[in-house]
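Work through the exercises below with the model open beside you. Try each task before you read its solution.

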Amino acid sequence: MKIEVLEKDERNMRLLIRETDVPYVNALRRIAISEVPCLAIGEVVIIENSSILQDEMISHRLGLIPLKTDLDSYNLPEECECKSEFGCNLCRVTLTLDAEAKEGTRTVYSGELVSENPEIVPVSDKIPLIKLAKEQRLRLEAYARLGKGKNHAKWQPVSKCTYKYLPKIEIYSKRCDGCGKCVDICPRKVLAKSQDKIEVRDLMACILCQDCVKACPQNPKAIEVSGDENTFVFNIESTGALPPERVLAEAVKILDKQLEQFENDLKVKKDED
Amino acid sequence: MTEISKEDAHLLLKGFFKEKGLVRQHLDSYNEFIDHGLQEVIDEVGEIPIEVPEAPYKVKLGQIWIIDPQTRITGPYATEVDGTKHEIYPMEARLRNLTYAAPVALEMTPVIDGREQDTELVYIGNIPVMLKSKLCFLSQLSREELMAAGEDPDDPGGYFVVNGSERVIVAMEDLAPNRVIIDMDEKGAAPVYQAKIFSTTVGFRARIELKLKPDNAIYISVPGVPSELPFIVLMRALGLESDKEIAEAISLEKDIQRALEFSFEKALGVETAKDAILFIGNRVAHGQVEEYRIQKAETAIDKNFLPHIGRTAESRKDKALFLGEMACRVIELKLGRRQTDDKDHFKNKRLRLAGPLLADLFRIAFRNLTRDIKYQLERIGVKGPVITVSAAVRPGIISERFQHSLATGNWGRGRVGVTQLLDRTNHISTLSHLRRLQSPLSRSQPNFEARDLHPTHWGRLCPNETPEGSNCGLVKNLALSACISVGVNPEKIKQTIFSMGVVPIYEANEALKLSGAKVFVDGNIVGYCSSPKELAQEFRQRRRRGEISTEANIAYFSKEFSEREELYVNCDEGRVRRPLIIVENGSPRLQPEHIQKIGSGEWSWEDLVKNGIIEYLDAEEEENAYIALKMSEVAPEHTHLEIATYTILGICASTIPYAEHNQSPRNSYQAAMAKQALGVYATNYQQRVDSRSHTLHYPQVPLVDTALMETMGYNLRPSGQNCVVAVLSFEGYNMEDAIVFNKASIERGLARSTFYRIYEAECRQYLGGLKDKFTLPEPGTRGYRGEQYYRLLEPDGIIGLEASVTGGDVLIGRISPPRFLEEYKEFEVKGPSMRDTSTDMRPSEIGIVDAIFITQSGEGSKLVKVRVRDQRVPELGDKFASRHGQKGVIGLIVPQEDMPFTEDGIVPDIIVNPHAIPSRMTVGQFIESLAGKTASVRGKTVDGTPFSNESSTELRKALVKLGFSHTGSEVFYSGVTGQKFVANIYVGVVYYQKLHHMVADKIHARARGQVQMLTRQPTEGRARGGGLRFGEMERDCLIGHGAAMLLRDRLLEESDKYTLYICENCGFIAYYDMKQRKYVCKLCEDKAKISPVIVSYAFKLLLQELMSLCIAPQLRLKEKA
C-alpha cells in the first residue's frame, strides 16, 4: 500500500491510496465514522431553565457541539478503571453554563461553556445554543465523555469520510470527431477541447458519472470512463475534535485490534473443536 | 405595453391578500350581521303587544347596541362570580374555558295608549364574537400588541371561542334561493317538465314546484297545501281572471299560449278569483266553514307561496307574473326552445356563511325572548305607573342559545355539524379549515354530478382539495382567488337599470314583450329591454367607473341559449366571485405604472378595483367573458386576463411544487396530508391550552417554494424539513412504501417533535354547599388507587413541574363529595365520605410535566390544567410524506456507515423505493428533487409554483454549472461492501413532512386485562387496554385447519369462560347456594340433578335474554362420548 498526501490542512485531508483493495479502504472509512472515539456531552444536569426550549432539546443541542478531544488523557467510560456510573477525572470532563439575558433578547453561544479542562473546549465558539428573552436564565452542568459514533452521531469525529475509485479516462482519437459534447456536459470540467481534440484536463476531478460517455454521439463510443478498484482518492474532513491524520491513525489501530481479536476468536474456536 | 411578469402578478396578489386576508369571507359576513343583520331581526318583530286585560300596552323595540348598559363595556367581556365585569382577550377565554362574547342591549319603549314612555336600554344577552371581526379587540391591534395579548400575530381569526374551545362555522354551499331551476324528470313513461324554486325570505323557506305533467297540464305544489294545484286555478286566485290576462302573463307568443290549452281545461268551472280561492280553500281546509276556508286559502297564497316576493295580498300580481315566467320556461323546455338548467353550475350556488347562520339563530332566540318578555309582563300586569321592561328580560335565552349551538354545532331543525372544532395541526390545516365548504347533500347517496368538478369551479374552488371516500366532492375548499359577495340593495340597482333603458314589466308594450330581452334582477323578472347586449356593456362600464356597486354582476344570454335574449343582474350575497384584469381592444387595463404604484405602496388593491382595472366576476357573468390565461395570449377578442393561473388552487394544493407534473389524484392526496403534517401550528403554543398538539423541533422553510407560500405565512410556520432523498431499494426494507432513515440524521435532530397533552380538572361546587377539593387523597378514600400513583403530587394536590410521569400516575389529586344519597353512610361526624376523582395520565402514554395553569373558571371554581410533553424521536413505523402524495412509514433505521455515500461524502437522510414512482406518476417529486439540489447548492430557493416555475431544463443547466450531473443522479458507493454501484442513483433534496400518525400513539398489546361488565369479554380499543379481535375470518381459518384446541383456547378459555350449572331434569339454569351449601334448581327442587357445564358467558347471557322474551331455552345434557 502506498499513500500519497494530496491535500492537507487542520480539518481536511485528501490522500491517494494505491495498491490496496475496496474492503480495506471501506473498513477504514467505516471505523473512522463509527469506532474512533471522541468527546461529546453525554449527560446534562439542568439547574435552571426558564427559556422556552425544553430541557431535552437543550441537552440534545449541547450534545451535538464538537469538543476538542484529547484521546491520550481520557479513557472510554467502559474501559476506565473507575468503573463508576458517573465517571472520574480520567473519563469525564465537566462543562458549566450560566447564561442570563439581562438586557434583552440574546443568543447564547457555545463559547460560553466553561470547561474544567481548558484543553477540552468546543471546536467553535460561534455555535448558537439558544436564544434567551429578557430575564430568562439557563444554568446547567454538562458532562462530556468519550464515545463512539456507532452509539450516537455526536461521537463521530468526522463530518465526512469518503473515497472514490481513481478515475481512468480513455479517449479513442480515431473515433472522436471532436464534437465537444462531452466537454459541455461534464459537470466537473474534467475534459477540455484543444483544436479538434478532446483532452483530459483534470483527471482527479472526475466523478465517474459517465455523462460524457452517454453524450458521445459515436457508436461505439469514443470515450470510456472507468474507476481503478485498487487505487482510491480518500477524503477525510474532521469535525475539529481530532486532527484528520489522527482519526486515520486511530482507525488503523482499531482495525488492527479488531483483526487481532477476530484471529484470537478463531483460534479459541479451533481449540474448542 | 410591456409584459406583466411573474413578479408583477405576485406583487398584485400580495396586495390582494394583504388587504383581504385569507378569511375575509367569514369576517365580512359576520360584520354584516353585526351591522345590519341584528337590527333586521329586531325590526321584523318591531313591537311586543302586552295583552293585559284591563290596560293593554305595547313595548316598542328600538335600536340594538353592542354595549352593556351597566358597565358601558362594548366588547367581549367576562363576568366574575362577584358580579364584576371586565373586558377580555381571546387568550383568557381559551385559558379559563370562557366564551368570547360581547353584550347586546336593545332600546325598549313601553307605549301606553299611544304615548311613548321613557326608553330603556336593556341588556338582552351575549353574542359570541368572531375573532378579528369588528367587535373583536384583536382587530385593532398591531403585531406587537397582538403578541402582548398572547396571540399569534399571524393567526387569521374568523372563528369563535366557546367554552374555551375554538369553533368554526363551516360555510354551506346551497342551491341559490329565489332562482328558478327548470329540469326534466324522465323517470316515468313520459317526461315531466318541472320548474323548482326555493323561495326564501328572512326566516322562511318554501319549496315551490311547477310541473308540466304528461297530461299536458301544469300543476303547482305549494307548502301547506296538501294536493297539487292546477296552474290556472292558482293564477286566477292570484287575481288574473280572464284567460287572456293569464295567457299574456306567461307569454305573448302563440306557440307557448297554445300549450296552455290542457291547463285551462283543468280549471273549468273556476272562473273568478273568488272561485279559485274557494277551490284552494277546499283543499287546504276541507269541510270547514266557508269563511275559514277562504282565510286559509289566502294565507296559503300570501304567506306560503313565493314568500320572497312578498307576504301580503298586495304582492299577488307580482307573484302571478313570476309564476307565469316559471310556466313559460317549462313550456319552452317542452317545446325544445330551452335547455334544462344545470344545477351544478356555480351560478346556481350560494354560500351561507357565519352571518346568515347566526341570524337564523338570533331570530329564533329573539322570538323566544319576546315571547318570554310578553309572558313575564302579562304576569306582572299593570301594577304601577312605571313599567320596567328590563325586569322582564331574561338574557340567558339569547346567550345560551348561541353558546349551545356554537358549542355543539346543533342548529335546530336537525341541522348538525354546522360548527366544527378548529383544526390546529398546523398553520395550513387551520387556514384550510377556515376556507372549507360543505354541501348539504346526503353523503350516503351517490349524487355523482354534484360531486364532479364543474368548469365553473375554475378560480372559485380548489380542483384538488377534497377528501376521499364518502365526502368526496361534497366537502370543498375555496380557491385562493375566490371572494364572496356580501350583496347590495337590489332596489337601487333596479332604479339604475330602469334609467338605462329597461322598461318596467307593467309599462312594456306588446312589441317589446314579444321581441325584447327579459331582464331579471336577483331572479325576478323586472322588465324588458330592446338592446340587452349594449345595456350589459354600458352597465359594466358604469360599474368600472364606480357609478354602480362593484358587488353587482350582469350577464347577457343571447339567442344561442334560448329563443329569447335574457339579461340577468345579480346583487345578492353569497356568490363566489373572482378578480380578473379587464382587457379592452386586446390590451389589458393593468399597466406597468399601476404595478409600480402598488409596489411603492401608493395604491392598494382596492384602488385597482375602484379605478376599473380589476373587476370581480361571478359564475354567471363569467359566461360572457373570454379570459386570456397569459399576458402573451391576449387577443382583441379577449375581455379579461387572469391575474395568475395558480390562484385556481386552494390553500393546501398551492403548497405543492411542480403540481402540474403530478397525476391529479396525487395532488388531492397531498392536499389531505398537508393537514396532518407537524410543524409549529401557532407561535403562542406555549400559552395555548389545546387538549393535544404537536410541534416539530426544527421546522424548515422548503427549498423549493411556491409563490403563495409567503402570503399564506407558510414560510413563517413551515411543517416539514428538507431531506436528502435517494431513490434506491435497500435490502427490502423499503418495500411497499416503507422508507429507510439514516440513524445519524435522526440523532442530529431530523424530524423530532414534541407531543403535548393537556389534562384538566375543575373544583366543582354542588348543590347543598358541597365542593370538590384539590388535595393529596388520603389512603382509605373511596377509589384510592395506591400510594405509588400519588407520589409526584405536591401538598396542594397538583403535580410538580418537570416530573416524569407514566400511564396511571395522578396529575391532579381531587376528592369529591358522594354522588348519590345512598352513598352517605348514616350520619358520620366527619361529614360525608369523599370519593377520589383525581385526574391521571392516560394509560400507555408517558411524558414530562411541562406547564401548569391554575385559574378560575367562569363559574368561579378553581380550574387546573396540566400540560404534559413527550419528545418523539422518529422510530420504526412513524409516518412521513413528501409533498406529492407519497406517504410511507419508516421501515428501517440504518447506521450512517451502512448507508450508501458519494465521493463528496453525501449520505442520504431518506431512501425511498423506486417502485413508488412509475404507477403513481408523481414526476413533480423528481423535479422537486432536482430543484432542491440546485437550491441547496446555489443557496437560493427555487420557485416551484404550479404552472409558473423554474423549468427542469433550466434546473439541469444550473446543476451542471454547480458541478453536478444534469441527470440528477450521482455515483454512489455501497456503505456495506464499499463497492461502487453499477447504476447511478437519483438523489436530491425533497421536502418531507412528518405526519401525526406515530407508532407511540398506536402501539398496543395485551395478555390479560379488563373485560366488559355485561359480556365478560375483553374490552375493545387501545385506550381501554382492549384485546385484539379474533374475528370471524380468523375463526374460519382455524376451523379450516381443524385446530379445535386453539379455537377453544381463543374463544373460550382466554375470553369469557364461565361455569354454568344446569338442572338435567328441567334443562334450565340452576345455581349454587352458598348459604345452604348445595346446588339448587328452583323448578325441580328435590328432583333436581345439577351438573356444571362450561360455556361462554355470552351464551349464558343469551339464554337469560331469551328467557326475558318468554322463550324457554332448555339444555339437554349428555355425557361426553
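Predicted model: local features only at pLDDT ≥ 70, side-chain atom pairs only at ≥ 80, totals over all residues.

Residues are numbered from 1 along each chain as its sequence is written, chains are lettered from A and ligands numbered from 1 in the order in which they are written, and side-chain values use heavy atoms, with hydrogens and water left out.

**Exercise 1.** Size the interface of chain B and chain A.

*Solution.* Start with contacts (heavy atoms within 4.5 Å). On chain B, 40 residues are in contact with 37 residues of chain A. Next, take the buried area (accessible area, 1.4 Å probe, that two parts lose on being put together, summed over both). The two chains bury about 3200 Å², with 45% of it on carbon and sulfur atoms. E747(B), E897(B) and E903(B) supply 20% of the area that chain B buries against chain A, more than any other three residues.

**Exercise 2.** Describe the polar side of this interface.

*Solution.* Count salt bridges first (a side-chain nitrogen of Lys or Arg within 4 Å of a carboxyl oxygen of Asp or Glu). There are four between chain B and chain A. A salt bridge joins the side chains of E56(A) and R869(B), at 2.7 Å, N to O. Then list the elements (DSSP runs: helices H or I, at least four residues; strands E, at least two). On the side of chain B that touches chain A, α24 (743-747), β35 (753-762), β42 (847-856) and β43 (862-872) each supply at least two residues. The most come from α24(B), with three residues.

**Exercise 3.** How far apart are the C-alpha centres of domain 1 and domain 2 of chain A?

*Solution.* Take the bounds from the automatic or database domain assignment. Domain 1 spans 2-34 + 159-236, and domain 2 spans 38-151. Their C-alpha centres lie 42 Å apart.

**Exercise 4.** Classify E970(B) and R207(B) by accessibility.

*Solution.* Apply the cut-offs: buried is under 20% relative accessible area, exposed over 50%, partly exposed in between (1.4 Å probe, protein chains only). E970(B), in strand β48 (residues 969-970), is at 9%, so this residue counts as buried. Beyond four places in sequence, its contacts include T902(B), K933(B) and F964(B). R207(B) sits in strand β13 (residues 204-212). Its relative accessibility is 39%, so R207(B) counts as partly exposed. The C-alpha atoms of R207(B) and S221(B) are 8.3 Å apart, and the two residues touch.

Definitions and conventions
Polar contact = N/O pair within 3.5 Å; in protein donor to acceptor, adjacent residues only side chain to side chain.
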